Amino acid sequence: ERRERINGLITEYNRVKTNLPSLDDALDWITITMDELITEQQGKGIYAGLPWFNEYWGRDMFISMPGACLVTGQFETAKQILKDFAELQDKDPESETYGRIPNRANLEGILYNTTDGTPRFVIQALEVAKYSGDIEFLHDLYPAIKTSINASIKNYTDKNGYLTHADADTWMDVKRNGIPGSPRGNRANDIQALWYAQLMAGSEIASLLDDTGSAEDWSSLATLLASNFERDYCSKDEALIYDHLNPDGTPDKQFRPNQLYCFDLVNDEDFKQRVTRRSWEELVYPWGVASLAQWDSQFHPQHENWNYYHKDDAYHNGTIWLWNNGIAMQRMIEYGQIEPAWELFKNMNRQALVEGAVGSLSENADAHPREGQSWVKRSGTFLQAWSNAEHLRTWYQHFLGIRPDLLQGVIVVEPRIPSEITFIETSVKVGEGTLHYLYKDGRVTVKLEGCKAQLDVREPSGQQDSPIFEGVKFCEPKPLEHYP
């Protein structure tokens, strides 16, 4: 039964055939290996990684859900994961983490020590509805959704609409001896983007379920937040979105990839293009996205270099995090920079096929190769859910350009195909039906079966010839003598 189900993932749905056999193999293996992490431990869930994270992490789980469940057509699995995790919500009104979805849940207990897992839970509830066309399951989730938003409004929101949090309550969460390795309190930029998306998703769900009062309240708060963000977080001259605001309101200017998640809160398209280019050239190496720019005094070139520092000091201060590859490639593709994004995608396919465990993208990698090496050493878990999942999400949603919204009765198809690919034949489950996709002779043909929706097939757009991106290239490691 297991063999048949796994085989069905890459033959019945998500069957991919291109002119590049290595691409076909990589996508098949990454899909299968990603699916291995969908488990039943405390209800349905997604392990964060192997070998160490054979447990549920709310943040990791909901980052992984689009690539693990949605683009692979496993909508019922996604619904059950949401329902089961909602049962683990902190429902104690007297608790300081009231309303939060767990950060970590295993057989030994539950921890609520993160800010970002809860917004992602609400965001994914709406995404599942868009892919499946089903809103009935939202009735079961809505009490948890409403509690999560109203508790944050009451306990964590400041006068500007921003969501406050502790220093280590973001995905950059490492602590050593109780001291955060990369403190981001108390208003990280990506947390504000997630809070905005949570409010907007919650408002849409509330409207679907006829709770117009909550829909209006949450939408108004999202508008307030957005009206303040560009003023408080964006340094237009530096092509920088501040990583966070400190408790005293001063901005933090460390250059990190978190800013790439904030574009829905910024209206200035020219500025966002410049942020994308600067991020690519200062953070994106051929092997992945670094967590800190190499000119920063806190930058650590390798994750594990025990002769010089503890690995936790490097964890979010230079170490590559492969899950951030997804948003880096997405932003480049959105602005027409398909070929540089494709080079990074190919390099990840290479890792999945010929380095480490087949089909597995690791948690981390060094930013700089070791002495005498031309490629970097992988680190962290050998298989990390969000690394695999973001790779798959980028392929389906941004290279193929398939983005369903069955709540609006529309499936957008906006292909951004790299020049090396001349043929693609694939199929993707959408709602109760199947979208058949053929790319040949430079044209995309799509056919929808068994699903009532309007196909919105768009010509590729973007800024391929923009002077902002002329000559864009990967970040190059500085020589060792650069460091004290």
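Here are a few notes on this predicted model, point by point.

1. **Ground rules.** Residues are counted from 1 along each chain as its sequence is written, and side-chain values use heavy atoms, with hydrogens and water left out. Since this is a predicted model, local features need pLDDT of at least 70 and side-chain atom pairs count only at pLDDT 80 or more, while totals for chains, interfaces and linings use all residues.

2. **The cysteines.** You'll find zero disulfides here (a disulfide is a pair of cysteine sulfur atoms within 2.5 Å). Take Cys69: the closest cysteine sulfur belongs to Cys451 and sits 19 Å away, which is too far for a bond. Cys451 is in no disulfide either. Cys69 is buried, at a relative accessible area of 0%, and Cys451 also counts as buried, at 16%. (Buried means under 20% relative accessible area, exposed means over 50%, and partly exposed is in between, using a 1.4 Å probe and protein chains only.)

3. **Helix H8.** Have a look at residues 212-233, which make up helix H8. (Helices are DSSP runs of H or I with at least four residues, strands are runs of E with at least two, and both are numbered from the N terminus.) H8 has 22 residues and reaches 31 Å from its first C-alpha to its last, close to the expected 32 Å; that expected span is 1.5 Å times one less than the number of residues. Its buried residues include Trp218, Leu221, Leu225, Phe229 and Tyr233. Among the elements covering them are helix H6 (136-155), helix H7 (189-208) and strand E11 (234-235).

4. **Empty space inside.** Rolling a probe the size of a water molecule over the atoms shows where empty space is left. There are three cavities of 30 Å³ or more, a cavity being a set of points on a 1 Å grid over the protein atoms alone where a 1.4 Å probe fits but cannot get out.

5. **Gln454.** Which strand holds Gln454? Gln454 lies in strand E26, residues 454-457, and counts as exposed, at 55% relative accessibility. Leaving out residues up to four places away in sequence, Gln454 touches Gly409, Val410 and Ile411 (contact means heavy atoms within 4.5 Å). Gln454 and Val412 are 42 residues apart in sequence, yet 8.5 Å apart in space, C-alpha to C-alpha.

Conventions
1 Å grid on protein atoms, 1.4 Å probe; cavity = no way out; pocket = protein on both sides within 12 Å on 5 of 7 lines; lining within 4 Å. Points joined across faces, edges and corners; volume = space filled by probe spheres on them.
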